[in-house]
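Hi,

Here's the structure I said I'd pass on. Have a look first, and my notes on its salt bridges follow below.

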Amino acid sequence: MNFCRDCAYDESMPLSSFVPAFASRCADDQARCYAFVGEELLLDDSRGLPRAQVLIEQLGSPELDYLIGHRAGEPCRLLFWPQTTQAPSGWVNHNLRAIYGHMDEADFWIATRAKQMATWDREHRFCGVCGTKTEVAAHEPARVCPACGYRHYPRVSPAIMVLIRDGDRLLLARSPHFKPGMYSALAGFVEAGESCEDTIHREVMEEVGLRVKNLQWFDSQSWPFPHSLMLAFTADYDGGEIVCQPDEIEDAQWFTLDRLPDLPMRASIARRLIEATVARMQADAAIDQ
Ligand SMILES: NC(=O)C1=CN([C@@H]2O[C@H](COP(=O)(O)OP(=O)(O)OC[C@H]3O[C@@H](n4cnc5c(N)ncnc54)[C@H](O)[C@@H]3O)[C@@H](O)[C@H]2O)C=CC1
Ligand SMILES: [Mg+2]
Ligand SMILES: [Zn+2]
């Protein structure tokens with residue numbers, strides 16, 4: 001699956017060839033370099049990965065320099081400089097959401113892992129239990145407290161997503177943060193003590209006042225904004241009238257397939273979930289004719 005439209009996707013090293021790993025120092029100048037200045041990914045003019053050594057000569061020693069895995073056996077290195085670092089010449093800073101589809105697809109997803117590793121490191125500098133400054137473990141992504149021994153691993157926040165069908169129509173909603181005209185499937189974070197299914201029933205009732213049944217698994221996706229794990233389902237409508245949750249849901253409507261609104265970006269599992277469900281509903285309608 002490669003949505004890259006204007007760069008060379010290295011099919012010989014597909015994302016499936018990536019194996020996560022961790023070492024608290026990389027310093028391998030031949031490694032594939034996923035470099036961030038603050039929230040933004042540094043790429044060269046043709047949206048390829050930069051050379052670590054050149055960046056370090058320009059920006060000085062990075063705040064983070066970790067091995068984060070191997071792509072087809074090639075080491076993958078995270079370099080991180082804080083936002084205050086001046087932008088280096090000859091490289092372009094990219095917002096991660098915006099660069100999808102314009103860089104090697106596998107490198108995009110490895111860069112999202114790198115971003116989450118940088119977030120983990122910077123948000124666990126002090127022990128959440130006793131306040132002592134933490135230290136990075138040598139061979140696993142953990143910041144360890146030397147005083148109480150607590151190990152702080154990268155945070156992953158499970159979030160459900162559910163697309164509700166009712167005959168030939170789909171329920172799509174929009175948050176106030178969405179760009180104008182865009183609608184998506186419902187989503188919500190799994191709360192402590194909930195199963196995914198509990199969250200779906202709760203979030204659908206909270207966000208649009210409806211009941212659902214026949215939950216079916218679709219797929220999952222790491223979503224590094226900042227550390228969500230999307231767990232996507234479809235469900236059938238099982239009663240209720242649409243009542244939008246104030247502040248969370250600006251609008252929610254039933255849409256027939258011939259009247260779909262603007263949909264989420266191509267990188268999102270929301271887009272894949274909606275397109276796959278529409279295709280299945282169109283196939284079912286063709287059989288019924
Ligand atoms: N990849 C995709 O296709 C999509 C991804 N998403 C992501 O799903 C996640 C959940 O979506 P929302 O509708 O915003 O969630 P939501 O419906 O649970 O409401 C968000 C609220 O949850 C609380 N919150 C924030 N971070 C949290 C955490 N880690 N754990 C528990 N509660 C938290 C905050 O009060 C926030 O206002 C977000 O990260 C969003 O970016 C949402 C739609 C599409
Ligand atoms: Mg939500
Ligand atoms: Zn501690």
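Let's start in helix α5 (residues 269-288), where glutamate 275 and arginine 271 sit four residues apart, so about one helical turn separates them. (Helices are DSSP runs of H or I with at least four residues, strands are runs of E with at least two, and both are numbered from the N terminus.) These two form a salt bridge, with their closest N and O atoms 2.8 Å apart. By salt bridge I mean a side-chain nitrogen of Lys or Arg within 4 Å of a carboxyl oxygen of Asp or Glu. Glutamate 275 is partly exposed at 41% relative accessible area, and arginine 271 is partly exposed at 21%. (Buried is under 20%, exposed is over 50%, and partly exposed is in between, using a 1.4 Å probe and protein chains only.)

Keep in mind that this is a predicted model: local features need pLDDT of at least 70, side-chain atom pairs count only at pLDDT 80 or more, and totals for chains, interfaces and linings use all residues. Residues are numbered from 1 along each chain as its sequence is written, chains are lettered from A and ligands numbered from 1 in the order written, and side-chain values use heavy atoms, leaving out hydrogens and water.

The count comes to 22 salt bridges. Another one joins arginine 32 and aspartate 107, at 2.9 Å between the closest N and O atoms. That pair links distant parts of the chain, 75 residues apart: strand β2 (residues 32-37) and helix α3 (residues 105-123). Both residues, arginine 32 and aspartate 107, are buried. They also belong to a salt-bridge network with Arg71, Glu74 and Asp104.

Cheers
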